[in-house]
Amino acid sequence: MPGTSTAPAGSPRTPSTPTAPPPPEERARFLECVADKLTALTDHVVERAHLESGLPVPRLTGEVGRTTGQLRLFAAELREGTWQGARIDPALPDRTPQPRPDIRQRRIPLGPVAVFGASNFPLAFSVLGGDTASALAAGCPVVVKAHDAHLGTSELTAGALRSAVRECGLPEGVFSLLIGDGPTLGTRLVADPRIRAVGFTGSRAAGLALMRTAAERGVPIPVYAEMSSVNPVVLMPGALNERARDLAEGFVGSLTLGAGQFCTNPGLVLAVDGPGLDTFLAAAAGAVEGHAGATMLTPGIAASYRTRAEAVGAHHAVTRLAHGGSPDSASPCQARLLAVGADDFAAEPALQQEMFGAAALVVRCRDLGQVADVLRALEGQLTATVHTAERDLDAAHALLPVLERGAGRVLFNGWPTGVEVGHAMVHGGPFPATSDGRSTSVGSLAIERYLRPVAYQDLPAELLPRPLADGNPEGLWRRVDGVPGRH
């Protein structure tokens, strides 16, 4: 994990020849040191982020805690050790008809990773966000392209990392922060032959452009891009009959949270036509109309949201149910609730695209069979939510295979906004939710994106990496001859 730099534009400062990363314990202490440095800067960072983003201070204070928490999570993961993937198949010289050689496997870092800061989380998905934390944990140098919407916040958090690099005695190249025109600098960064992987959160257009650049290199590299998701919510008939008004209140709260700028805001509702759905729509429309509106992160995001929501609302098959208030600001977000029939929804792919903001489309279905058909036709999603009552469980069980094929996280009787940072979380999903649905950008499993397996055959004992050495000097959980254990 070969010091730090901040540059207005240009090439990342990374080594031209591979160097071994510091040992896991040293990396763990480094991540904890970064977390301590950021914690000490909390008030200063929150003040700057509030000025740049307009996000409320309590939200940003919580985001600092989330950011430091995931740094500490990866420190703990490094010490636990299973991420190394140690496997040993001992030699079987007497096996017939063919002897088996001694084969041992572990995971090593890919190399320098390019990370693109997201607009909607100036801390948790930015310079010190999950992509950076997981790549550093894996032993990869990181080059961050700062987001233009919060450059001051980016520099402050980069300063915390620089201070930790110095305190921990790490060499030059662990971290670089680049500032410049997004499309131009982003393309140059991903095309740089020293970059070995990319972590990105942002629009589908930008994500696809980076994917094309990565694929067209002389040596293509993986791009882990989180791009778009409408996060469908299924309201089962029993749930609607029992608690339609409560569901409407919870839905609108989740829809409008953060001006609809979370990647997990619910933008699509599927339900069977009937009195329960009518009650839900009336209550949801009232809640949307009572919403005062919010300020979005940038004028550009606000303009894109307005254009997209107005285009959906103008479709001949779409009914406009409610509009909220519009704040007097340069980047206003007016909440919107729209409805359409399932047949018209299925016939118009444009209605299925994300409206990045506090707008949602309710799809009226004839029956649960049509609900399932709509779910099957959707693009890949980060989340899929189901609200049930006791009488709905059999029908919900039948929907579960459809939901899990289409989303990275399936949740029941809750709302998708709010992503727990832990060991079991998946924040990913089939394309275009992410470019690679086999991975997650949140949680300890994210470290695996920036590692690759290497097998060592018949290495002399003196040359074996410590995770694979005889006697298990690291005390790791290893798979030896197919049997897991600390042996």
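R194 is partly exposed, at 26% relative accessible area. By that I mean between the two other classes: buried is under 20% and exposed is over 50%, with a 1.4 Å probe and protein chains only. R194 pairs with D192 in a salt bridge, N to O 2.9 Å. A salt bridge here is a side-chain nitrogen of Lys or Arg within 4 Å of a carboxyl oxygen of Asp or Glu.

Quick word on the source. This is a predicted model, where local features need pLDDT of at least 70, side-chain atom pairs count only at pLDDT 80 or more, and totals for chains, interfaces and linings use all residues. Numbering runs from 1 along each chain as its sequence is written, and side-chain values use heavy atoms, with hydrogens and water left out.

Next pair. Is R104 buried or exposed? Buried, at 8% relative accessible area. Its salt-bridge partner is D102, with the closest N and O atoms 2.8 Å apart. D102 is buried too, at 12% relative accessibility.

Now a helix. R48 and E52 both sit in helix α2, residues 42-53. Helices are DSSP runs of H or I, at least four residues, numbered from the N terminus. The two residues are 4 apart, about one turn of the helix. Their side chains form a salt bridge, 3.4 Å from N to O. R48 is partly exposed, at 37% relative accessibility.

Last, a network. Which residues are linked in it? E25, R29, E32 and R79, through salt bridges. The count of salt bridges by this rule is 23.
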